[in-house]
Each structure stands twice: as C-alpha cells, then as structure tokens.
Amino acid sequence: MLNELYDVARSLEDAGISPLDWHKEYVPVRTPKLAFFVYIDQQGEITDIERVGDKAEVADLRTWESKGDLRQSFPYFNIPRLLWIEFDPEQNEDDKSVKKALKANKLTREQIVRLLERIKNDDPTKKWQENFRNKIGKCLGKGKALKGVIGEAPQEYRSIIALIDRLESTSAEDFYNKLLKALKDKMLSHPEATGKYFDGLFSWGEEGPGNDVTLFLELVDGASRFEYPVKNKSVRDWINSRLVSQIEQGSASSSALDIFGKDSVGWKLTFDDVRMKNTLGIVKLRAMASAAVCQYRYGKADTDSCRVGQESRRKMKSALEWLTDPDHKGKTWEPVARATDNKEILLAYPSVLPPNPPDMATFFGGLGETEVDHTSRFEDCAHNVTGTLRGLMAKNPTLDIRVFVLRKMDAARTRVSSQRRYSAQHLIDAAAMWQDGCRNLPRVLIKQFTREKKTEWRKPATPFPMEVVWALNTLWSRDGKSASRVKGVTTEDGISLLLEEGVFLQQVLHRALYGVTRNAVGLMLALGQAHAQEQVFTGAKNHARQAIILPSILGLLLFKLNITKEDYMKSAPYLVGRLLSFADQLHHHYCQHVRGGSIPPQLMGNALMSTALEEPEKALALYANRILPYQAWAKTVSGDAAGLAHYFLAELGKTCSEVSLSEASKRCTDADKAQMLIGYLARPEKSESDPHNKEITHE
C-alpha cells in the first residue's frame with residue numbers, strides 16, 4: 001500500500017493540494033445514532049441540551065482521544081443513558097401507553113413524572129454503576145490535559161480554552177447530576193418533544209445501558225461571545241495544528257534517508273492508523289509482525305525491512321485521508337462491499353488531479369453500500385468522466401488513471417487487493433466499447449413497475465463494472481423469487497472486464513460467463529415466463545435492478561468474445577430460445593381460451609428451457625411432441641383468439657425452419673447458453689401487422 005499512497009501524495013503536491021495532517025489522537029467522531037449538544041454557561045452549569053437532528057452538523061467534528069483508551073476523549077465523548085429503569089411496553093399496559101404516546105408526540109407531563117418516580121431508592125430501579133461516573137471524570141480530565149498540550153490560544157480560538165476552564169472544577173458526580181437535571185427539565189417543560197430526549201435519559205432491559213449516547217460540549221454563548229464556537233472547523237484545525245506541532249518540536253532530523261529519499265527520522269516508530277468513515281474503519285498503513293516467518297524472507301523484519309520516516313508517513317496518511325474523505329465519495333473512492341461481500345473500497349483518480357475531480361470512482365463502482373435499486377445511468381457518468389479526461393489530456397497527453405482496491409482482511413490488516421494503471425485514452429476507448437457491448441442485443445424489453453405503480457416495458461440498462469460483479473455473485477433460486485450471495489467473481493475481475501484485453505481478459509470472460517449462466521438462470525427464466533403472460537415478475541426486492549442489467553451483461557460478455565448479435569441471432573442456441581419463448585406464448589394463449597384462464601405453474605417452453613440449456617437436441621425432441629395439441633388448436637380456432645394464435649403458429653413455423661437449417665449441438669457451451677437465454681428473452685421486432693406488438697410500450 002505504501003507505494004500506491006506515495007504516488008497519491010505526489011499527485012496531490014503537483015496539483016497544489018495540501019491535505020491537513022491530522023494528529024493520530026485527534027480523531028473523527030464516529031457517526032452517532034443518538035447525540036446531544038450540551039451547552040455550558042460561564043459558571044459551568046448546563047443551561048440547555050439539544051438533540052442532534054442533522055448528522056451533517058457533526059460530521060466533520062473531531063475529538064482528542066487518550067492513547068491506549070479509546071473511551072476517554074474531549075470535548076466530545078460517549079456515555080451510557082443516565083437512568084436504568086424497569087420498562088416493558090410488551091407486557092405492561094401503562095408502559096405500552098407510554099410508548100404509544102411517545103411515538104405520537106403526545107406524552108403528558110403526568111406520565112413523565114410517573115416515569116421519573118421509578119428512580120426512588122426503594123424501587124428496583126438500577127442507576128449508573130461507579131465505573132460510568134469514573135469514565136466521565138476521565139473525559140473531563142482529558143480537557144485539562146488538552147489545555148496543557150495546546151497552550152494559550154489566540155483570541156479567535158479562545159472558545160476551546162473557555163470550555164475547559166468552565167468545566168475545570170466540575171466533578172464527575174456534578175456533571176452527571178447537572179446533565180440529569182437538564183434532561184428532566186427539558187422533558188417536563190416540553191412534554192410534546194419528550195421523544196427527542198427519552199432515549200438519552202432512560203435505558204431498560206436485562207443487559208443494562210450501553211455506551212451509545214454521544215455528547216458534544218459547547219458554550220451557550222459560543223457564537224455571541226467568541227469569534228468561533230468550539231464546533232467551528234477553524235477551532236478544530238487550530239487544535240490539530242497545535243497537537244501536530246508538539247510532534248515536530250520533539251523530532252530530530254536524521255542524516256539517513258528512507259526508501260522515498262526523505263528524512264528517515266522516526267522510522268522505528270509504529271505507523272499511525274488512518275480512521276475512515278466507511279466500511280474499512282481503522283486502517284493500518286503497514287502491519288508489522290516479526291513473529292510471521294515470511295517477514296524474514298530477505299533477512300530483515302519489522303521496520304528494518306522497509307525504512308519509512310515520519311515525513312513520508314505523514315504524506316501517505318494525509319493522502320489516504322484526502323482520497324477517502326466523505327466529500328470525495330464517488331469522485332476518488334466508492335464502497336464496493338456489496339459486489340463481492342468483502343469489506344472493500346475502490347479508489348480511482350487521474351495522475352493529474354483537477355480542483356474538482358471527476359466521478360471516477362462512481363464510473364467503476366456505481367452501486368453504493370446498500371442493496372437498493374440504483375437508477376443512475378452509466379452512459380451519463382461515462383460522458384462526464386471522459387469529457388473531463390479529454391480536457392486534462394489537452395494539457396497532459398501522457399495522463400494516466402490509477403485504480404486500486406483496499407480490502408479489510410481483519411482488524412489489523414488492510415491490503416491492496418488490486419492495483420492498476422491505464423492511460424486516460426485507453427479508459428475513454430474502453431468506456432465506448434463497454435457501452436457498445438451492452439447494446440449487443442436484439443430487441444429485449446423488461447416489464448417493470450414504475451414509481452407510480454404503473455407498468456412499462458423498459459430497455460436493458462448499461463451496468464457499472466461493480467454492478468456486473470454484484471450480479472455475477474448473486475445466486476437466484478430456481479423460481480427466481482429469492483437471491484443469495486456467492487463468491488466467484490472479484491472486484492479485480494470487474495475492473496478487468498472493463499479495461500483489460502488479450503489472454504488475461506479471456507480467462508476473466510470465461511469465468512464470468514460460467515457464473516452468469518448458472519447463477520442467474522432462475523431469474524431469467526422467471527422473467528421470460530412472466531413476459532409471455534404480459535406480466536411483471538417481482539423477485540427479491542433488493543435485487544430488482546438485476547432484471548434490467550442481466551441481458552446487457554450477457555450481450556457484453558458475448559461482445560468481448562467477438563460474438564456479435566449479427567451472428568448469434570442466426571445461431572441454433574439463440575433460435576432454440578426464441579422457439580421456446582413462442583411456445584410459452586402460444587401455450588398461455590391456449591390456456592386463456594380453452595382452460596378458462598387457468599395457467600399452470602410452468603408454461604411449456606419454460607419447462608423445456610432447463611433441458612435445452614444442457615441438451616438442445618433432447619429439448620427439441622420433447623418440444624416436437626408437446627407442441628402438437630396447441631398447434632392443432634391454433635390451426636382450427638376462430639373468432640377473437642384466432643389472430644394471435646395464427647401469429648404464434650406462423651412464428652413457430654418460421655423459427656423451426658431456421659433451426660432445422662442450423663446444427664443444434666448435443667451439449668451447450670457457456671456461450672451457447674448465453675445466446676439461448678437472450679433468445680428466450682427477446683421480443684419480436686416492432687411491426688404494425690403483428691397484433692402481439694400493439695400491447696408493447698416503451699420506457
């Protein structure tokens with residue numbers, strides 16, 4: 001990882017970007033679920049408390065943690081809820097009414113008083129344990145230690161010193177009681193807003209309170225008395241500069257150089273951790289363990305094996321923090337854990353960084369961390385990214401793109417699972433080829449619900465590379481109703497499908513084709529049968545997008561194997577798929593008019609598809625026998641049913657004659673299966689003379 005990050009650091013320097021060098025103990029506040037601003041007046045009293053409603057308000061805040069004890073910090077820290085009471089809304093009717101009133105914001109002052117009465121000494125109510133109070137005392141003491149480190153502050157940053165001074169004589173017991181009183185007063189004076197404070201005050205259950213309430217200490221007069229309140233980023237940055245300066249003052253230069261040609265002072269120290277607000281959490285830039293035998297491969301272990309000074313370390317740490325900053329999500333980094341079921345993030349950036357980087361990471365990732373139906377278009381993202389790259393190439397003809405993936409192996413290890421470099425022109429060409437490949441399809445339409453709960457036929461969407469990985473690592477049940485994760489295709493494979501060529505790409509292609517023609521068959525057959533009945537198939541809700549991208553993935557993989565639609569639409573596998581699709585439609589039409597609308601669980605062609613995907617000749621033999629009653633009906637029917645019946649009969653005859661001119665193999669290759677599945681999903685080309693097409697509308 002060190003080489004990759006040093007390259008990032010040099011790119012940032014060349015672009016004139018100077019990321020802040022954060023002190024290792026001055027860390028981001030973890031995104032709180034339950035948090036309060038606690039306002040302190042000049043006498044050290046808590047005059048007000050407010051629930052944090054918008055997490056963005058505290059997203060950039062940092063707190064100073066004790067080395068070796070992550071639970072001690074200042075000016076922000078976590079505490080348990082203040083009171084542990086007996087509360088059972090499942091069994092107790094009074095508690096049930098309290099819970100109902102809380103949810104409706106209709107809790108009365110009398111109900112609040114009765115809840116608070118439960119903390120009398122003769123009740124079974126449990127209060128904080130002594131170690132919780134001790135923890136508050138240590139956090140308040142951390143403030144005094146912080147003042148000793150940062151020293152006197154200039155006037156504009158005096159708010160942090162004032163906060164420390166106001167709390168200097170406050171004991172843990174005093175702070176607990178003041179906080180308890182503030183929460184009680186808030187609830188009693190504003191019963192209608194009790195829901196905001198209830199969870200901060202009360203805990204219940206057998207296990208006791210957890211350490212899950214975050215307090216943000218602030219001055220009640222911070223904005224009026226001081227130039228910047230404590231939570232202002234200017235105060236934050238000044239505190240960090242003072243902490244970092246203490247390290248620099250204690251460092252001595254060295255005559256030796258490290259592996260990057262920089263001063264090697266501090267090379268024997270442990271690397272600082274990087275704290276990320278994403279799936280990776282705490283990342284160690286280099287994990288060193290002399291107990292591992294492999295460390296001695298070249299006769300040296302730990303720091304002796306790779307001398308890296310503090311100057312180089314700070315640059316690399318700052319570079320990774322800049323790349324993975326939440327504001328740069330989609331631009332320089334993107335979570336891809338959903339694609340491979342690993343804790344991974346993808347990082348991508350041009351070697352020459354513009355002031356506002358393009359959405360390079362989204363270009364590769366495009367699916368985020370949660371399993372929702374993403375509607376962003378690859379075409380739009382590719383247009384924006386390639387347009388920016390062309391602009392950069394006008395001044396930098398040798399511009400290249402760096403892509404690497406960080407995977408969290410365990411609590412101590414994070415490694416680079418993939419690292420690539422490509423010319424910007426290669427990426428531009430690859431983006432165009434990717435879109436051409438995804439359009440390597442006949443007329444395929446997928447019927448889906450709109451947000452207004454209406455239905456429409458949609459064209460297949462172009463997937464992002466990591467969406468392809470996600471789809472290939474999804475195993476669908478035989479009926480297409482449920483989906484589970486499997487591991488077979490990696491993040492590196494997704495990057496290769498987009499950007500690689502030649503022999504290496506062929507290996508990835510065959511592995512991908514093998515995966516999709518086994519894992520996704522259940523969904524595609526379910527879609528085909530639903531479409532024969534002009535219905536919407538609804539499978540696993542969180543995987544709805546796969547229905548719209550899987551046809552494109554099949555077309556893309558065939559395109560990368562130099563199998564284009566102009567050729568495969570004449571092949572036997574494709575025609576067998578078309579034949580069985582028409583058989584489904586005729587069977588469904590027959591059931592509507594002969595069986596009174598009673599449709600069997602599987603239509604005829606759908607039932608034969610599983611056999612056809614393995615043994616096409618056998619499937620055709622079975623088809624020849626099973627189609628006879630429906631064929632005979634279609635030849636003789638009259639009235640309203642005749643139009644579509646004759647149309648399906650004509651299409652079956654035409655397709656049969658085309659199949660007879662081709663050589664249907666005894667066994668299917670993975671490429672044959674892909675062509676057959678596309679054929680099964682394909683819709684007839686639009687023609688005003690075909691009654692079947694009059695029902696089709698476009699997205």
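**View 1. Phe 364 and its neighbours.** Phe 364 touches Leu 346, Ala 348, Val 403, Leu 427, Phe 464, Pro 465, Met 466, Ile 495, Leu 498 and Leu 499, leaving aside residues up to four places away in sequence; contact here means heavy atoms within 4.5 Å. Please keep in mind that this is a predicted model, where local features need pLDDT of at least 70 and side-chain atom pairs count only at pLDDT 80 or more, while totals for chains, interfaces and linings use all residues. Residues are numbered from 1 along each chain as its sequence is written, and side-chain values use heavy atoms, with hydrogens and water left out.

**View 2. The nonpolar cores.** The largest nonpolar core has 110 residues, and those touching the most other members are Leu 346, Phe 363, Phe 364, Leu 389, Leu 427, Ile 495 and Tyr 623. Helix 21 (residues 572-594) gives the most to this core, with 10 residues. A second, separate core of 68 residues includes Ile 150, Ile 164, Ala 172 and Leu 217. A core is a set of buried Ala, Val, Leu, Ile, Met, Phe, Trp, Tyr and Cys residues joined through side-chain atoms within 4.5 Å; buried means under 20% relative accessible area, exposed over 50%, and partly exposed in between (1.4 Å probe, protein chains only).

View 3. The buried residues of helix 13 are Phe 378, Glu 379, Cys 381, Ala 382, Val 385, Thr 386, Leu 389, Leu 392 and Met 393. Seen down the helix axis, they fall within an arc of 155 degrees, so they line one face of helix 13; the arc is that of the directions from the axis to the C-beta atoms. On the face turned away from the buried side sit the exposed residues His 383, Ala 394 and Lys 395. The buried residues pack against strand 14 (344-350), helix 12 (360-364), strand 15 (400-408), helix 14 (424-438) and helix 15 (465-472). Helices (H or I, at least four residues) and strands (E, at least two) are DSSP runs, numbered from the N terminus.

View 4. Strand 2 (residues 35-40) and strand 3 pair in the antiparallel sense over 5 bridges, and Ile 40 has Ile 46 of strand 3 as its bridge partner.

Methods: Two strands pair if DSSP finds at least two bridges between them.
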